[in-house]
Amino acid sequence: TSTEVTLVEPFLVSTYQCDNLWAFFSTLAAQSHVRTVFVRTHQRSRNMEKALTLLEQRALSKSLSVSLSFSDDLHNREIQYSNVITIVCDRGLDIFKAPNADGRRCRNC
């Protein structure tokens, strides 16, 4: 059973991407034993730093401890669980398009 996860997500540059991150946090809190989340993102995500910091604080209400770090050299997206399972996904949390009147829709893969 994993209690920690590291999310490598280079693209957290839009509000809807932060919404996807919140959905990920909410799912972890409700459906797993994970209580510590390390988020590594690219420097380009600094324009969303205020929103990301708010998500860190909101995650505490779900008993999740979130640590955010920025890196210059990130491209691949992956989710690494503390039980050694690693999920490498091309779209990462960006599998959903920006929401519109029809709600959240998955991108074509």
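This is a predicted model: local features need pLDDT of at least 70, side-chain atom pairs count only at pLDDT 80 or more; totals for chains, interfaces and linings use all residues.
In soluble globular proteins, nonpolar side chains tend to be buried together. Here the largest nonpolar core comprises 21 residues, and the members that touch the most others are F25, V37 and L52. Contributions of at least two residues each come from β1 (4–8), α1, β2 (36–42), α2 and β3. Helix α1 provides the largest share of this core, namely 7 residues.

L52 deserves a separate look. Leaving aside residues up to four places away in sequence, L52 touches L12, C18, L21, S45, L68 and F70.

The structure contains 1 cavity of 30 Å³ or more, and the volume of the largest cavity is about 30 Å³. At least two lining residues are supplied by each of α1 (15–31), α2 (49–60) and β3 (65–71). In terms of class, the lining has 6 nonpolar residues, no polar residues and 1 charged residue.

F25 leads on to the aromatic side chains. The structure holds 1 aromatic pair. It is formed by W22 and F25, whose rings lie 6.4 Å apart from centre to centre, with 85 degrees between the planes. Because the planes are over 60 degrees apart, this arrangement is classed as edge-to-face. The two residues are 3 positions apart in helix α1, and therefore about one helical turn separates them. Both W22 and F25 are buried.

Attention now turns to backbone geometry in the loops. Most residues other than glycine have a negative phi. S63 is located in the loop between α2 and β3, whereas V84 is found in the loop between β4 (78–81) and β5 (86–88). Are these residues buried or exposed? S63 is exposed, since its relative accessible area is 52%, and V84 also counts as exposed, at 71% relative accessibility.

Conventions: Residues are numbered from 1 along each chain as its sequence is written. Side-chain values use heavy atoms; hydrogens and water are left out. On a 1 Å grid over the protein atoms alone, a cavity is a set of points where a 1.4 Å probe fits but cannot get out, and a pocket is an open set with protein on both sides within 12 Å along at least five of seven lines; lining residues have an atom within 4 Å of a point. Grid points are joined across faces, edges and corners, and a volume is the space filled by probe spheres set on the points. Helices (H or I, at least four residues) and strands (E, at least two) are DSSP runs, numbered from the N terminus. Ala, Val, Leu, Ile, Met, Phe, Trp, Tyr, Cys and Pro count as nonpolar, Asp, Glu, Lys and Arg as charged, and the others, Gly among them, as polar. A nonpolar core is a set of buried Ala, Val, Leu, Ile, Met, Phe, Trp, Tyr and Cys residues joined through side-chain atoms within 4.5 Å. Buried means under 20% relative accessible area, exposed over 50%, partly exposed in between (1.4 Å probe, protein chains only). Contact means heavy atoms within 4.5 Å. Rings of Phe, Tyr and Trp (its six-membered ring) pair if their centres lie within 6.5 Å; planes under 30 degrees apart count as stacked, over 60 as edge-to-face and the rest as tilted.
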